[in-house]
Amino acid sequence: MGLEVKNLTGGYSSIPVIKKENFDVKDGELVSLIGLNGAGKSTTINHIIGLMKPFAGTIKLNGMQIEDDLKEYKQQIAYIPEVPVLYQELTLKEHIETTIMAYSLNEAEAWQKADRLLKIFRLDNKLEWLPANFSKGMKQKVMIICAFITNASLFVIDEPFLGLDPLAVNDLLKLIEERKKAGCSVLMSTHVLDTAEKYCDRFVLINNGVVRYEGTYQEIKTKYADLGNSLNDIYLSLAKDEKHG
Ligand code: ATP
């Protein structure tokens, strides 16, 4: 069933930042939220992962709303923020253990997955390291490892392509593909449109908190054929019009 966002309105005070947003992410789909700085991508994500409460509208994950069962709703989501959030006093091993507890995972299965991911991201000899010893990209990899050991059905990834080296981006894309094949839904936000164009199944274009367009790359190219040949060119033209209009 995946994620279904209907008439979502929300914000930080009483003034809405996002307005009547409608979009979905089906099982096995990778959908990208695209928009200029301040368009409302992170605010939308914050509502979906349950950090913010909508003013109006509904968010359903496999038919369930957060009010139905907070713990179960949250355990269905693996979230990788743009800026890694790690506990300074916990080692990499302890971060994995904390994830296993938070998501009520089977320990042996989770460690089997973790061992594979630790090797992929070349952190297998750093289990006792603290976040202070990690580089920015390494911190991001810790968040990716913790997300991908879960059994979440929705992966929410805020700007995955900044801060990771090209090898890690490639490895992350392969992991996303694996989870898609297993029926998971993936929602990401990105400004790296040339990569998004190649890998995302659908795009949700947000401007000033409103969904301006939703569709596949082919649909966008057909609709805006006069604006350019790449998602980047088309988006730049649309964004300039929106800024001035
Ligand atoms: P970026 O590409 O820069 O990450 P974004 O599309 O994720 O941008 P949001 O962070 O969702 O944009 O911001 C949407 C609007 O909400 C902006 O007008 C911003 O000023 C406002 N905003 C964001 N965070 C807060 C906050 N904590 N308190 C009040 N307003 C906020």
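Q: Which residues are around the ligand?
A: In this predicted model, the residues around the ligand are Y12, V17 and H191, together with L36, N37, G38, A39, G40, K41, S42 and T43.

Q: And how does that shell split by class?
A: The shell around the ligand has six polar residues, four nonpolar ones and one charged residue.

Q: What does the side chain of H191 do there, in terms of distance to an oxygen atom of the ligand?
A: A polar atom in the side chain of H191 lies 2.9 Å from a ligand oxygen atom, while for Y12 an N or O atom of the side chain is 3.4 Å from a nitrogen atom of the ligand. With A39 the backbone is involved, as one of its polar backbone atoms is 3.2 Å from an oxygen atom of the ligand.

Q: How much of the ligand does the protein bury?
A: The protein buries 55% of the 640 Å² that the ligand exposes when taken alone.

Q: Switching to the sheet, what's the strand order?
A: The order is β2-β1-β4, in an open sheet of three strands with antiparallel pairing. The edge strands, β2 (18-25) and β4 (56-61), each pair on one side only, and the twist from one strand to the next averages 15 degrees.

Q: How many bridges between β1 and β4?
A: Five bridges join β4 to strand β1 (residues 3-10) in the antiparallel sense, and L3 stands opposite L61 in β4.

Q: Which helix packs on the sheet?
A: Helix α1 (residues 41-48) does, touching β1, β2 and β4, and its direction makes about 65 degrees with that of β2.

How values were computed. Residues are numbered from 1 along each chain as its sequence is written. This is a predicted model: local features need pLDDT of at least 70, side-chain atom pairs count only at pLDDT 80 or more; totals for chains, interfaces and linings use all residues. Side-chain values use heavy atoms; hydrogens and water are left out. A residue is near a molecule or strand if one of its heavy atoms lies within 4 Å of it. A polar contact is a pair of N or O atoms within 3.5 Å; within protein, one must be able to donate a hydrogen and the other to accept it, and residues adjacent in sequence count only if both atoms are side-chain atoms. Accessible areas come from the Shrake-Rupley method with a 1.4 Å probe; for residues, only the protein chains shown count as cover. Ala, Val, Leu, Ile, Met, Phe, Trp, Tyr, Cys and Pro count as nonpolar, Asp, Glu, Lys and Arg as charged, and the others, Gly among them, as polar. Two strands pair if DSSP finds at least two bridges between them. Helices (H or I, at least four residues) and strands (E, at least two) are DSSP runs, numbered from the N terminus. Axes are lines fitted to C-alpha atoms, for helices over the stretch in contact, and angles run from 0 to 180 degrees between N-to-C directions. Contact means heavy atoms within 4.5 Å.
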